[in-house]
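Hi everyone, thanks for coming. Let's get the structure up on the screen and take a walk through it together.

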Amino acid sequence: MIISENILQKLHHCMLSRPAGSSSQIEAPAVDKGLKGFLTEAGKKPLLLVFDSVTPKTEFLIDRFYDESKDIEMLDYKILVTSRSKLSRFDSYYMKSLKKEDAMILLNHFLEDKCRNISDSTKEQVLEHCKGLPQAIEGVVPLLLDQPPETWRTEQGKMQRGSVLDSVDDLLYRLQSSVDALDEKQSTVKKCFIDLCVFLKDQPIPAAALIDIWTELHELIGEDDESIANLHRLTQSCFANLLFPRRDKTEVEEDDSYYSQHFVSQHDILRDLAIRQSNCGIESGDRLVIDVTKKSFPKWWKPNMYHQPVHARLVSISTEREFPKEWDKMKLPKAEVLVLHFQAETYALPNFLNTMSKSLKVLIVTNHGQLHAKVRGFRLLGSLSTLKRIRLEGISISSMKTNSMAMKKNSMEVKSLLKISFFMCDFDQASSKSSIKISKSFPNLVEINIDYCNNLKELPAELCGLKKLKKLSITNCDKLHSLPEDIGNLVQLEVLRLLACIKLLQLPGSISKLAQLILFNISDCWSIKEWPEIGGMHSLKTLIVRHCPGLRKLPQSISNWLPEMKVICDEETRESWGDLPSGSKINIKVIKSN
């Protein structure tokens, strides 16, 4: 039985029912009997009820259905709820994009055998632009049904030059309605969705980069926490996918502010939608996205734009190598975030950074090449009086040393800088002993993140002069073997992460001076054999020790730790510790190995 009724007018939805092996329908007269009458009549046979396009706002209507059906004797029924958003009342299954063979089957089903003269290769070219999205496949059919091969190739060419959204108005309407469903309370989430378009297509987006952008661009009250919350709201609304690292849930919960190993992916068609949503007009546009490699400029862009101010707040520019000379004249006086993508072994920061001296808050420089890039022009950072966050990816840090004399000559000092992140950068041994005075160049740094920097062997001692540093995260640095002896001078440090530094041999004795330390994570540090005296960590609340086979016992100062102290470890580590000292009140959580 197929039930296709308007009975959910009261519920603002259309409810369908399709039990196996039946093709009969209950028509509109049943609606007049009301919901109970409908269920009484339809429930005489096995029933599948489909609540389609339910939103979080109307989720409560499913509960109403349950209430209405309690007093009705129904033979057998099941409920399927479809939604673009995650619903709190139901277990969710996320639909994946169709595989190529399944997409072809669906297209042929819609064509109803009316395009036999069209080759499979031509169909595959069209399907390539549909990206496995059933709505897109359904949408292109009216354009192509009963049409000659020339029309197919013409439509495919249009999609190639733009997007399937340019050809299928119905698909654009459907996706646009999902964005419009974000009300005023979720206006920032909508902006965050649009911001995803500043990253490259088919490339995973670092969650940490998004957090940096959103916190500063949208001036969020809760700073990083609010940005992280918006990231989860985006994924719950199915506008993006959050890719988690393979870490245990308990560890993630106890160290929940660390997102350096999380990435975001987005369906290509959703990215096209985000680009359409972006207001990129030269006078009032918030975003400017330019891909020089593909000569992709906004429609309003003209050759003389290099000579007049562009008032975008978020700017993303992709190049293969360095900028053409005419770009040095570009003026971006209101840019708060600059994202630079390139793919080369050498690169120079653009001179137009000088035009952002009183506006730029976030600088993200990403090399997508296979080799680390040497970057020139770091001296320009000295002119940026509002810069708060820098993220470098795939960069040779020795190039900063090469520029150190120029920096010194220009007295580079970025007092506003609060956070710097290095991802997959090249820290050769020489750079760790660089003449760059970190504490003088970036005296107010609060957070440093170093991730997957395989050539980092030791941290520069100069780092210990950062008196305001609160967070230090060094993760997946395979060759790191030692920390500075004076690390205890980081008297304001609250978070210290040393994850998967497999050759780190020992912890400096001065680490006991970190009296403000709240979280200490040394998971997967295989080579550490013993604890130093850490009794001075009076504020420590969470110690995460997973897969550290050399640490066969807890520190002797354990009895001095706070009663609310949590220790998270694996089964093998916990077994090696044996019984805790008498009087110890710490809480140990054991995580079972997968």
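**Partly exposed, and holding hands**

Let's start with Glu138: its relative accessibility is 35%, so we call Glu138 partly exposed. Keep in mind as we go that this is a predicted model. Now, what does Glu138 pair up with? Its side chain meets that of Arg174 in a salt bridge, at 3.8 Å from N to O. Glu138 sits in helix α6 and Arg174 in helix α9, residues 169–180, so this pair ties together parts that are 36 residues apart in sequence. And Arg174? With a relative accessible area of 34%, Arg174 is partly exposed as well.

Okay, next pair. Glu150 and Arg153 also form a salt bridge through their side chains, this time at 3.9 Å, N to O. Where are these two? Both are in helix α7, three residues apart, which is about one turn of the helix. Here's the handy bit of background: an α-helix has 3.6 residues a turn, so residues three or four places apart point the same way.

While we're on α7, let's check its length. The helix runs over residues 149–161, and at 1.5 Å a residue those 13 residues should span 18 Å; the end C-alpha atoms are 18 Å apart, so that agrees. Which residues of α7 are buried? Those are Trp152, Glu155, Gln156, Gly157 and Met159. Their cover includes α4 (100–111), α5 (120–130), α6 (134–144) and α8 (164–167). So there's α6 again, the helix that holds Glu138.

One more pair: Asp113 and Arg116 meet in a salt bridge at 2.8 Å, N to O. Buried or exposed, these two? Both are exposed.

Let's zoom out. How many salt bridges does the structure hold? There are 20. Some link up into a network, made of Asp212, Glu216, Asp224, Lys388, Arg389, Lys419 and Glu447.

And the chain as a whole? We have 19 helices and 22 strands. The chain has 594 residues, and 50% of them count as buried. Take the contacts between residues at least 6 apart in sequence: 63% of those join residues at least 24 apart. Finally, the accessible surface is about 29,500 Å², with 49% of that belonging to carbon and sulfur atoms.

How values were computed: Residues are numbered from 1 along each chain as its sequence is written. This is a predicted model: local features need pLDDT of at least 70, side-chain atom pairs count only at pLDDT 80 or more; totals for chains, interfaces and linings use all residues. Side-chain values use heavy atoms; hydrogens and water are left out. Helices (H or I, at least four residues) and strands (E, at least two) are DSSP runs, numbered from the N terminus. The expected span of a helix is 1.5 Å times one less than its number of residues. Buried means under 20% relative accessible area, exposed over 50%, partly exposed in between (1.4 Å probe, protein chains only). Contact means heavy atoms within 4.5 Å. A salt bridge is a side-chain nitrogen of Lys or Arg within 4 Å of a carboxyl oxygen of Asp or Glu. Accessible areas come from the Shrake-Rupley method with a 1.4 Å probe; for residues, only the protein chains shown count as cover.
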